[in-house]
Amino acid sequence: MSDAPLMPRWRILVTPRWICWHLFAVVAVAGMAWLGDWQFRRAMAGNTLSWAYTFEWPIFAIFGVVFWVKTVRDELHPAPAGGSQAQQITLPAGAAGRGSPGDAALAAGPDGAGPGDAGLAGAGSAGAESAGSGPADVELAEYNAYLARLSSEVRGHGRWHGLR
Amino acid sequence: MDADRQLALVVRAYRTMAYLTGTVLIILCFVGIPLQVFASNLIIVKYVGTAHGMLYIIYVVVAFVMTRMVRMRVASPGTVIVLLAGTIPVLTFVVERWVSRKYIDPALAASAGRQTAPAAASR
């Protein structure tokens with residue numbers, strides 16, 4: 001295992017704990033497939049109620065496989081903890097003395113597509129209009145940057161990732 | 001469809017299925033099974049049982065999508081309880097309250113915050 005440091009996440013899946021879970025998944029899916037077969041034999045023997053279960057158990061077995069795949073993939077590719085996106089944000093323009101608060105707000109939404117981005121841009125221009133002098137503007141710029149950061153942190157939330 | 005609308009839609013679908021599956025399961029367990037055991041009347045068990053089986057398949061799929069969208073871990077006790085709740089009488093109602101408080105409401109609040117918080121910055 002000379003390449004062990006190169007794929008540490010992959011190696012998690014062959015720990016005793018995970019091997020037990022793999023075995024459990026295999027047994028569970030095989031068990032559900034067997035139950036489906038059992039219901040099929042009952043259905044063929046004349047039990048009409050068994051026809052529904054004949055189709056249900058294979059569906060549950062497929063779902064079991066999907067569940068297992070998702071679990072393994074989540075383990076291999078854990079969701080980024082907001083690190084990569086948060087780093088893209090430039091520090092508040094107002095805090096640096098130059099530029100409008102709109103820069104900071106817009107920097108957080110480079111794609112400029114969603115409704116949230118429109119809101120940010122609007123907020124930024126509104127802030128820029130009142131930009132003049134004094135500590136209040138710096139405070140507002142910092143607050144805008146803070147909101148922009150929060151907004152970008154939750155942007156990916158609630159998104160359906162499919163079978164990633 | 002953008003993520004916020006998608007989240008709201010999935011949450012609504014999950015709640016609908018949780019209540020529907022839960023209600024059908026209560027009828028099955030507290031009306032159908034006593035009738036089968038004490039009166040040998042199979043009519044409710046036969047039809048409501050089959051209906052629950054099919055509804056449960058939809059429930060599992062919708063609930064699973066919901067757990068993904070509110071960022072619950074896949075192989076966590078919470079996710080497993082949400083998925084199995086559809087087979088245990090009354091549990092869907094309890095679990096729906098719990099999962100709403102713990103995961104759905106924060107996710108919806110974050111989703112709403114994305115739209116309202118930037119507007120607040122102009123004040």
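Which residue forms a salt bridge with A:Arg41? In this predicted model, where local features need pLDDT of at least 70, side-chain atom pairs count only at pLDDT 80 or more and totals for chains, interfaces and linings use all residues, the partner is A:Asp37, with the closest N and O atoms 3.2 Å apart. A salt bridge here is a side-chain nitrogen of Lys or Arg within 4 Å of a carboxyl oxygen of Asp or Glu. Both residues lie in helix H2 (residues 16-44) of chain A, four residues apart, about one turn of the helix, where helices are DSSP runs (H or I, at least four residues) numbered from the N terminus. Over all chains, the structure holds six salt bridges. Residues are numbered from 1 along each chain as its sequence is written, chains are lettered from A in the order in which they are written, and side-chain values use heavy atoms, with hydrogens and water left out.

Between the chains, the axes (lines fitted to C-alpha atoms over the stretch in contact, with angles from 0 to 180 degrees between N-to-C directions) of helix H3 (residues 50-76) of chain A and helix H2 (residues 43-69) of chain B come within 11 Å and cross at roughly 10 degrees. H3(A) is therefore roughly parallel to H2(B), a term for angles under 35 degrees.

Terms used. Helices (H or I, at least four residues) and strands (E, at least two) are DSSP runs, numbered from the N terminus. Angles under 35 degrees count as roughly parallel, over 145 as roughly antiparallel, 65 to 115 as roughly perpendicular and the rest as oblique.
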